[in-house]
Amino acid sequence: MAPILRVSDLTVTAPDGATLVEGFSLVARPGETVALTGPSGCGKTTAVLGLLDALAPGTRRVRGSVRWGDAEVRPGRRARSWRRTHTGVLTQDPAQGLNPLSTVETAVREGGGARAPLAPLLESLGLDAEDVLRRRTHTLSGGQAQRVALARAVLSDPPLLVLDEPTSGLDAAAVALVAREIDRRRARGGLTLVVSHDPEFTAAVADRVIALSPSAGRPGVSPPRAVGSGRTAPRPAPVAPDEADGPPVLRLADVGVGHPGRPLLERVHLDLYPGELVAVTGPSGSGKSTLLRAVAGLHAPASGRILLHGRPLAPTVGARDRTGLRAVQFVAQDPAGALNPAHTAASTVARPLRVLRSLPAADARIEAAALLDRVGLDPAVGHRGPGALSGGQRQRVALARALAAGPDVLLADEITSALDPGTTAAVLDLLRDLCGTGLTVLVATHEPGVAARADRILTVEGRALRPRSPEPRRTETTHARP
């Protein structure tokens, strides 16, 4: 079959002139599934946005051509018309593309195919159509938002479907449903481009895998260098709740969370001790993220109390004093929505150093650069805003910002979802090092490798949190799925 998409010598630069993608070329045919892989920050998403002519402001395609069939897709009006009529796109941060006040039905209908029935499509992606269709999109979990955005992208059965990290925030069962949808497209002759860090997923769905390598000297693409290596503190032995020496740093007493008319978790009792890394697992939409947001003061609990060092912690972030704000820090599942687009990475990390730790501006800048380096980012990344960063880079900037406050408790929601396996291992090494100094980490995750690094694993069953025995310790972490 003749090629339908030809990309030749595509080159993209950042606002500061740095080359993000150089000489990217691709030839793809109808019915193919082509996966782009490579380390975080190597330019996978930028290459795809470049061929779609959908780059962030200031980021420019300076060379190269894109052809669809026999016609060249020129940047500007022609590219916009082509995107509307021929493509469906699932972005790396799908929640950002959903109007929080729209119902799920309205959001999916934006994908065209107005007469197509929605319930069968949503059910095929593992969503309860009767439950979600009338809900506002802001009440969805990260995994549910991911699948709603996917439903919108595939509703009109576009000739070209672009999926950027389609498995982030999804449990293994939901990942299998996404793979099945890709197989359906292949049978119908649709071309699918997949950007992913998940090696097992790409091996299962892709006809071809193209591995992108970072250009030499490109800012922000430091090789995964084991962030914690050389600084590894002795790992404390796991602390059983009934054997802990001393009071917990954080206590959840009879806490319930949910949305109006939709309870998610009820009567949660949890003690977290200094130096612990505790993982919360469970299906998408079961309440993991909502529980972390409640502890962070971003979602008022429906019931119960949260105690920090034995003292009640105000239920909302606006009511917390500076001590409470500093002591409990949150890294959101959606870093694009959590980072101010007007601030550079360096100023984002420096702000809590000045506001919560009262460092002088000059000292804060030095410490911010050190924190960016500690999470594996090149210092040059500090001069860029979120729009010029990859998803994995944004995730690490959000982590550095949380660590800048010097917290007692770090809440991490799918903290590795946009990271390649090597960087994932390095970030988890860093967290283990910090736990050795007394930091307490509560992480919500679907990744078996992440949960395997925890001292304790709690699983959502029904509306309760139940303990599960950790798997045997591993020396490395991957994005492998069962």
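1. Helix axes are lines fitted to C-alpha atoms, taken for helices over the stretch in contact, and the angles between them run from 0 to 180 degrees between N-to-C directions. In this predicted model, α12 and α13 pack at an angle of about 120 degrees, and their axes lie 8 Å apart. Angles of 65 to 115 degrees count as roughly perpendicular and those over 145 as roughly antiparallel, which makes α12 oblique to α13. The crossing of α12 past α13 is right-handed. On the α12 side the contact is made by Ala345, Ala346, Val349, Ala350, Leu353 and Arg354, and on the α13 side by Ala361, Ala364, Glu367, Ala368, Leu371 and Leu372.

2. The largest nonpolar core has 40 residues, of which Val349, Val397, Leu399, Leu403, Leu410 and Leu431 touch the most other members. Among the elements that give two or more residues to this core are the helices α12 (345–355), α13 (361–374) and α14 (391–404), together with the strands β12 (277–281), β16 (409–413) and β17 (440–444). The largest share, seven residues, is contributed by α14.

3. Leucine 403 deserves a separate look: once its neighbours within four places in sequence are left aside, leucine 403 is in contact with Arg357, Leu371, Leu410, Leu430, Leu434 and Leu439. Elsewhere there is a second, separate core of 35 residues, which includes Leu118, Val132, Leu161 and Leu170.

4. Strand β10 (residues 250–259) is largely enclosed by the rest of the structure, because seven of its ten residues are buried. Strand β11 (residues 262–272) runs antiparallel to β10 and is joined to β10 by seven bridges, with valine 257 standing opposite leucine 265 of β11. Two residues lie between the strands in the hairpin of β10 and β11, where glycine 261 takes a positive phi near 75 degrees.

5. Strand β10 is also joined to strand β13 (residues 303–308), again in the antiparallel sense, through five bridges. In this pairing arginine 251 stands opposite leucine 307 of β13.

6. A further point concerns an open sheet of four strands, which has the order β2-β1-β4-β5 and antiparallel pairing. Its edge strands are β2 (19–28) and β5 (71–72), each of which pairs on one side only. Strand β4 (residues 60–68) pairs with β5 over two bridges, in the antiparallel sense, and arginine 67 stands opposite glutamate 72 of β5.

Methods. Residues numbered from 1 in each chain as written. Predicted model: local features only at pLDDT ≥ 70, side-chain atom pairs only at ≥ 80, totals over all residues. Heavy atoms only, no water. Core = buried A, V, L, I, M, F, W, Y, C linked by side-chain atoms within 4.5 Å. Buried < 20%, exposed > 50% of the residue type's maximum accessible area, 1.4 Å probe, protein only. Contact = heavy atoms within 4.5 Å. Pairing = 2+ DSSP bridges. Parallel < 35°, antiparallel > 145°, perpendicular 65-115°, else oblique. Left-handed = near helix turned anticlockwise from the far one by under 90°.
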